[in-house]
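Please open the structure in your viewer and keep the selection panel at hand.

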Amino acid sequence: MKIKVNDLRFTYPNGVEALRGISLKIESGEQVAMVGQNGSGKTTLVKHFNGLLRPTSGSVLIGELDTRNKKVTVAKLAQHVGYVFQNPDEQLFSRTVGDEVAFGPRNLGFDSQKAQKLVDEALALVELSDKKDTNPYDLSPTWRKMVALASIISMDTDVAILDEPTTGQDAANVARIAHVVAELKKRGKTVITITHDIDFCAENFERVIALSQGQILLDGPANKVLGREEILAQTYVDPPQLARLGKRLGLKKTVRNQDELLGALKKH
Amino acid sequence: MHERLSFYVKRDSFLHNLNPLTKLTLAFGLTFVSFFSPWILTPIVIIVLIITPLSFIGKVYREYFNAAFQLILPATGFLFIMQALFQPIGKTEIFRFWFLQITSESLLFAFTNATRIFAMVSSFTLFLLTTHPSELMSDLSRRGMPSQFAYVIISTIQIIPQMQAKAQTIMAAQRSRGLDTEGSFIKRVGALLPLVGPLVFGSLVEVEERAIAIEARGFTSTRAKSFLREIPDSTFDKGFRWILILLVIAIIAVRIWLS
Amino acid sequence: MAIVNLKKVSYKYPLTDSLALNKVDLQVKEGEFVAIIGPNGAGKSTLCYTLAGFVPHFFKGELTGKVEIANKDLALSALNEWVLNVGLVFQNPFNQITGAKYTVYEEIAFGLENLGVPRDEMKKRVDQGLTMTGIRDLADRSPYSLSGGQQQRVALTSILVMQPKVLVLDEPTSQMDPIGTREVFGVIRSLAERGMTVIMAEHKVEWVARFADRVVALYEGRVMMDGKPREVLNSERLLGKGFGISRYTSTAREAVKQGLWPKNRDLPVTLDEAVAGFKGGRK
């Protein structure tokens, strides 16, 4: 499912122009991270991908679907684009984890057999298979986050959007989330994330788009974008820790993770 | 984040500078007079001759008219029509269409109710537009109201915009999971639980945190409170409140005397 | 002389069977900056609430052992007096704004009004607080118009003006973007440097490494380690338990196996230590 954005502009009802001419293409199966300070337009942009917002001018195409068309409803786009919101407590309402995770697939009209299969697979991926009959609010916030994640994975959409997935999470949960992203990649899904965690971004996403004041500052492979310190600084993004270490050690290439750093040190 | 967690609009006006308790007394006073006065046109007179001019004096006429025309009038208008049509009172039929019937008694009843409610909501709207909750709280605390009571009021006033913001996010999240919020009535009823559920449960977590936060600021301290700002309570304020109270008592007395 | 003295403190939340805190011993000297690390569920928040008196006075449940702060015993104190001893700032800045006040200045004064502090003293403390935390320019703004980082600094200032002996912070930057994180840590650091006793639960180990005097590692309600940042943060004992490990530490740990980090050198916790070690290691 290809996403095409063409000179997108968006102004909120209160008059704030949040997007000032965004153009980009996301191919099927890409892993893309959106970074930039609060107010740069990341969330506004990404909300256009599932129809929550419609362009003021310009266009957004999800596959063949043009979001300017009112008939292309959010419910319709939900078949292709899943959106995990930041706060799980703003979506959990079911009596059991199983029901919660089945909510999405059921809305999409999957038959009960297929829905159950998707639910079980999603729960297995987030390590919650044994909590299928538990009330989500009996789980800790850490695990509620996983339930929220599972309920979008179970929708089996081509595109998954993760809004600040690691904010407030401990190291173990960040690792679980990274594992989910890797698994989605294996399945050929497009994963788009908005994140402030630049290390999480570097280690899990091949492409980084940096936004500032409603426009794209940088868009390219992670190890190119994350090395442009001065430009990233404009939108208050720090380089990842290991990239900083690599730079101080004189490495030419921007490293994204431990293996790249050590590999580059050996050759240096 | 919402800038205003109350209806209060900051201006410098005669009304704004009145003591908050005076304004509250005024709102209650106008409401009581509207409800207890034997003269049917009292609420309308109050709205036209007292509330509307006050909205100008208080420099909040724009906000008041917005609220009146967009909210209060439609709501009371709807109430009026419903009561006129469906309140089976009296026999003096004025109008009939199919099974719908309007009698002059029901018309009178509906008119009385609608205007009284309009006057009441308008008085309190005026009060909310010109009084910041913190001022009212401070004033009432100074007069001896216990802090828990104040907190309930503060948090209730806050809860509405907070819940509004939350409800919007919840709606967006559930729609993103394919929840159909348009469509048939039955579907829309089915859509309620996924929208209301998180609102309630999610808010419970926050209520606990807010209680802890306010406790950490000494809210339940038994020491005598002090006040950062002077809240003026002039002789005019005191006198005016007494006049209002006497007026209400007079109206109630007239009412009893007439019946 | 320990200003904080916890002895064999165990705690069970109501209607639960498991111990949220299990025989915790903790002594903190005046002016120390202690960081509490641990995976979610280890008891960090519970410990913070215990220090601040909310466990057990707000949450009820069963608390055993001794909690003594500034020579006062928690078991013999009421919560509304204990809050003068210990200030608490927690994760969500929005929930710490009372909503009762129209401006930041008044918001900060709120606690002092509750304590009956005379008006002149109140104004003095609020002015000092605004300067100390660098938010003087926000004084006339509505608390709800601020960013997360700004709101958190307002919450912090509101607690500071009450002049607690100990400041407890429960993951104060976990909801914050990088700017907010930097702002809040900056303030906390300057408070600690001025001699405030600070106890902070925190995930971001890189910050902990730079600022803390001591690190206490909690695991399943127990104190697993308690020592200098360098000793605790690069210890092998943290592995496999869900603790956040600094990327510099894990990279160096792996680098040892590949001969890129000298075997007898301590694993780094900060960027500078990592740079020094990797540069030296290849000579």
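Which domains does the domain assignment of chain C give? In this predicted model, the assignment gives domain 1, covering residues 2-237, and domain 2, covering residues 246-283. Colour the two separately, and you will find that their centres, taken over C-alpha atoms, are separated by 33 Å. Eight residues of domain 1 of chain C are in contact with six residues of domain 2 of chain C. On the domain 1 side of that contact, the elements that give two or more residues are helix H8 (205-211) and helix H9 (229-233) of chain C, and H8(C) gives the most, with four residues.

Next, select the open sheet of chain C, in which six strands follow the order S6-S7-S8-S3-S9-S10 with mixed pairing. Its edge strands are S6 (86-89) and S10 (222-227) of chain C, each of which pairs on one side only. Within the sheet, S7 (residues 166-170) and S8 (residues 197-201) of chain C run parallel and are joined by five bridges; C:Asp170 stands opposite C:Ala201 in S8(C).

Finally, turn to chains A and B, whose contact takes 19 residues from chain B and 19 residues from chain A. On the side of chain B that touches chain A, helix H7 (147-175) and helix H9 (192-216) of chain B are the elements that give two or more residues, and by class this side has nine nonpolar, six polar and four charged residues.

Definitions and conventions: Residues are numbered from 1 along each chain as its sequence is written. Chains are lettered from A and ligands numbered from 1 in the order in which they are written. This is a predicted model: local features need pLDDT of at least 70, side-chain atom pairs count only at pLDDT 80 or more; totals for chains, interfaces and linings use all residues. Two residues are in contact if their C-beta atoms, placed from the backbone, lie within 7 Å. Ala, Val, Leu, Ile, Met, Phe, Trp, Tyr, Cys and Pro count as nonpolar, Asp, Glu, Lys and Arg as charged, and the others, Gly among them, as polar. Domain bounds come from an automatic or database domain assignment. Two strands pair if DSSP finds at least two bridges between them.
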